[in-house]
Amino acid sequence: MFKTYIYCYYKNDLKTTHQEPDHFFDEYVDTQYGKVHCIMAGTPRTKCPIILTYHDTGLNHKSCFETLFNHEDMREILRHFPVCHVEAPGQHEEAKTLPASYVYPSMDQLSETLPTVIKHFGVRSVIGLGVGAGAYVLAKFALNHSDMVDGLILININPNAEGLMDSVANKLTEWTQTLPDTIIAHIFGKDEIQTNHDLIATYRHHITATMNQSNVNQFYRSYHSRGALEVERPVPGGSINVRTLKCSTLLVVGDHSPAVDHVVDCNSKLNPTKTTLLKMADCGGLPQVDQPAKVIEAMKYFIQGLGYLSSASMTRLRSRTNSSTSSFDGSRSRSHTNDSQRGRLSSTDKNKQPHDTPMETFNGNSDNQISKSTGVVC
C-alpha cells in the first residue's frame, strides 16, 4: 500500500532544510464516489492548513506538479506546509481500467470527495492548488465548503459550461484526433505545439505510455460535461448573499495558453477584493512547468497574504505589464492594491509603453485582503 519511492524528489530537496518530512505515503481514501488516490508528503497538523493539489485532464500529480515541487525555490514552502496530492479516479500511473459498472463522477461529485479526504488526514483547512479541470474541482469545493479553504491558486480555470458550439467541435475532434492529440490541444496553445517540440513530445509520451487511455477519456468527458461555476461578482450595496468564492484567490495563466480568455472571464466574475490575476508573459499552457520559479514566487507572496510564511526569505518578482492588462475591463486598467496591506503592484495605462515594475511582498492575513482585483503580467 505504501510506496515511499514516489516521494524521493521531495525528500532530496528537503534534506537541505532544517526539517525532514516525517513521512511520505500514498493511500486510497474511501469516499461516497469511490476510492480516491492521495499522496501525502509531510505530517499534517490539526491547526495548520495543508497544500492540496488537483491535476488537469490527461495528467496526474507527477506530470502536473513534479517540476514545480522539485524546484529548489519550493523548499521554503515545503518546510512549512505538508502537501497532499489528490488524483482523480483512475488517473494515477499504470492504473487498471475502471470497471464497466463504475459510473465516473461528475465534476461536482469529484469536489464532494475532498471533504472526506481532508477529514481523513485530520486537517482543518487547505490552500488549494489546481490546474484546468483540477482548478474547477477546487473552486467548486470552495464554493460549497468555504470553511475548509484558506485560499486558492487556480491555473487555467474555465468557470463556464461547455456551449453547444464547443460540444459540436469536441465531437468532431473526437472523430478526427486521437485522445492524446485532444489532450495536448486542451493543455497547450497552437504556437507552443508548433514550436516546443520537446515539451509536447514529453507530455504526449506520458499520456500514451503511462496513463490508462480509457480512464483518461472518462475524466476528460466528465470535465467537458461540467456545469458553470455559477459565481457572481459582488457589487457595493448589492446583495450580501451573492454566490462567490469567499477565500483569497490567485488566478494564473500563461499568455500563450488556450485558457487565457477563460481565466480573464473568471476574474471578471469573482470578488475583486479577494482576487488577483497573474498573467505570465512568454509562458505556455503549463506555467508551473514552463516558469516554475515565477509561479513559486507568486505562491509565496500569496501565502504570506494569508498570514503564513511571515519569515520566508523573499526575492523581488519582477512583473512586466503591458496594454493587455488594461483590456480586461475599465476597472482593471491599472493594478489596484491597498498599500498598507500588501505593497504595490504597478501597471501601465493603455497609452503607455510596457515597463518593468517590482511586485513586492504581500503582507496581511485572510481578513486583510487585496482591495481591488489585480491584473499582472510577469
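**Aromatic rings in the predicted model**

The charged end of Arg226 lies over the ring of Tyr223, at 4.2 Å from the ring centre (NZ of Lys or CZ of Arg within 6 Å of the centre and within 35 degrees of the ring normal). This is a predicted model, in which local features need pLDDT of at least 70, side-chain atom pairs count only at pLDDT 80 or more, and totals for chains, interfaces and linings use all residues. Residues are numbered from 1 along each chain as its sequence is written, and side-chain values use heavy atoms, with hydrogens and water left out.

**Ring pairs**

- Rings of Phe, Tyr and Trp (its six-membered ring) pair if their centres lie within 6.5 Å; planes under 30 degrees apart are stacked, over 60 edge-to-face, and the rest tilted.
- The count under this rule is 6 aromatic pairs.
- One of them, Phe25 with Phe121, is tilted, with 6.1 Å between centres and 40 degrees between planes.
- Phe25 belongs to strand S1 (residues 24-31) and Phe121 to the loop between helix H5 (114-120) and strand S5 (126-131), so the pair links parts of the chain 96 residues apart (helices, H or I, of at least four residues and strands, E, of at least two are DSSP runs numbered from the N terminus).
- Phe188 and Tyr203 form an edge-to-face pair, 5.7 Å centre to centre with 65 degrees between the planes.

**Cluster**

- One aromatic cluster is made up of Tyr102, Tyr104 and Phe219.

**Burial**

- Phe25 is buried at 14% relative accessible area (buried is under 20%, exposed over 50%, partly exposed in between, with a 1.4 Å probe and protein chains only).
- Phe121 is buried too, at 12%.
- Phe188 and Tyr203 are both buried.
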